[in-house]
Amino acid sequence: MTADIKGGINIAMKVPSHQYEATLAFYRDVVGLEPFDDKAPARGFLLGPNRLWIDEAPGYSQAEVWLELSTPDHTVALGHLEQNGVVRCDPIEDLGAGFRGGWVMNPANIVHMVREPDAW
């Protein structure tokens, strides 16, 4: 079976606490993106067809960008990625029991969530 993996709509920006409010203000007040907060306390902005989540990351020294990949079968997709040497990094952030997906890193250490469309 071939893995069916596509780009997802979610982009997460993990921002250090000392830069968090200024980053929110940048996207809200300077750029003028439409905010959303339907999964409070998480906050984000509509970024064209994507959703840019701005996550406060205490203890971080610099921001990171995390991307999303979508698949109809996370078990097949994650197995395919692992067979091709992709590093799993599930402990990086708890997704909760029963979540249908997981975390991986690309060769440049960019975190990707691999998930089914209705994973939660």
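Not counting residues up to four places away in sequence, histidine 74 touches Arg100, Gly101 and Glu116. This histidine lies in helix H2, which spans residues 74–83. Since buried means under 20% relative accessible area, histidine 74 counts as buried because its value is 17%. All of this comes from a predicted model, and the rest of the picture should be read that way too.

Stepping back to the whole chain, the secondary structure comes to 2 helices and 8 strands. Going along the sequence, these follow the pattern β-α-β-β-β-β-α-β-β-β. The C-alpha atoms fill a box of roughly 45 × 30 × 25 Å, taken along the principal axes. As for overall size, the radius of gyration is 15 Å, which agrees with the value near 14 Å that a compact globule of 120 residues would have. Among contacts with a separation of 6 or more, 56% are accounted for by residues 24 or more positions apart.

What about the inside and the outside? Of the 120 residues, 36% count as buried. The protein exposes about 7100 Å², and carbon and sulfur atoms supply 55% of that area. On the charge side, there are 9 positive and 17 negative side chains, and the centres of the two sets lie 3 Å apart.

In soluble globular proteins, nonpolar side chains tend to be buried together. Here, the largest nonpolar core has 11 residues, including Phe36, Trp53, Trp66, Cys89, Trp103, Val111 and Met113. One of these residues, valine 111, touches Val65, Trp66, Leu67, Ile92, Trp103, Val104 and Met105, leaving aside residues up to four places away in sequence. Apart from this core lies another one, made of 10 residues, with Ile11, Val15, Leu33 and Phe45 among them.

Two spots in the backbone deserve a look. Most residues other than glycine have a negative phi, and most peptide bonds are trans. Alanine 40 and proline 41, however, are joined by a cis peptide bond, with omega at about 15 degrees. Proline 41 sits in the loop between strand S2 (35–36) and strand S3 (43–47). The other spot is asparagine 109, a residue other than glycine whose phi is positive, near 65 degrees. Asparagine 109 is found in the loop between strand S7 (101–105) and strand S8 (111–115). With a relative accessible area of 54%, asparagine 109 is exposed.

Glutamine 19 has its place in helix H1, residues 17–31, and is partly exposed, with a relative accessible area of 34%. From glutamine 19 to lysine 39 it is 20 residues in sequence and 21 Å in space, C-alpha to C-alpha. Alanine 63 belongs to the loop between strand S4 (50–56) and strand S5 (64–70). This alanine is partly exposed as well, at 39% relative accessible area. Alanine 63 and aspartate 38 are 25 residues apart along the chain, and their C-alpha atoms are separated by 23 Å. Leaving out residues up to four places away in sequence, alanine 63 touches Lys14, Val15 and Pro16, and Val15 also turns up in the 10-residue core.

Conventions. Residues are numbered from 1 along each chain as its sequence is written. This is a predicted model: local features need pLDDT of at least 70, side-chain atom pairs count only at pLDDT 80 or more; totals for chains, interfaces and linings use all residues. Side-chain values use heavy atoms; hydrogens and water are left out. A nonpolar core is a set of buried Ala, Val, Leu, Ile, Met, Phe, Trp, Tyr and Cys residues joined through side-chain atoms within 4.5 Å. Buried means under 20% relative accessible area, exposed over 50%, partly exposed in between (1.4 Å probe, protein chains only). Contact means heavy atoms within 4.5 Å. Helices (H or I, at least four residues) and strands (E, at least two) are DSSP runs, numbered from the N terminus. The radius of gyration is taken over C-alpha atoms; the globule rule is 2.2 Å times the number of residues to the power 0.38. Accessible areas come from the Shrake-Rupley method with a 1.4 Å probe; for residues, only the protein chains shown count as cover. Lys and Arg count as positive and Asp and Glu as negative; His and the chain ends are not counted. The place of a charge is taken as NZ of Lys, CZ of Arg, CG of Asp or CD of Glu.
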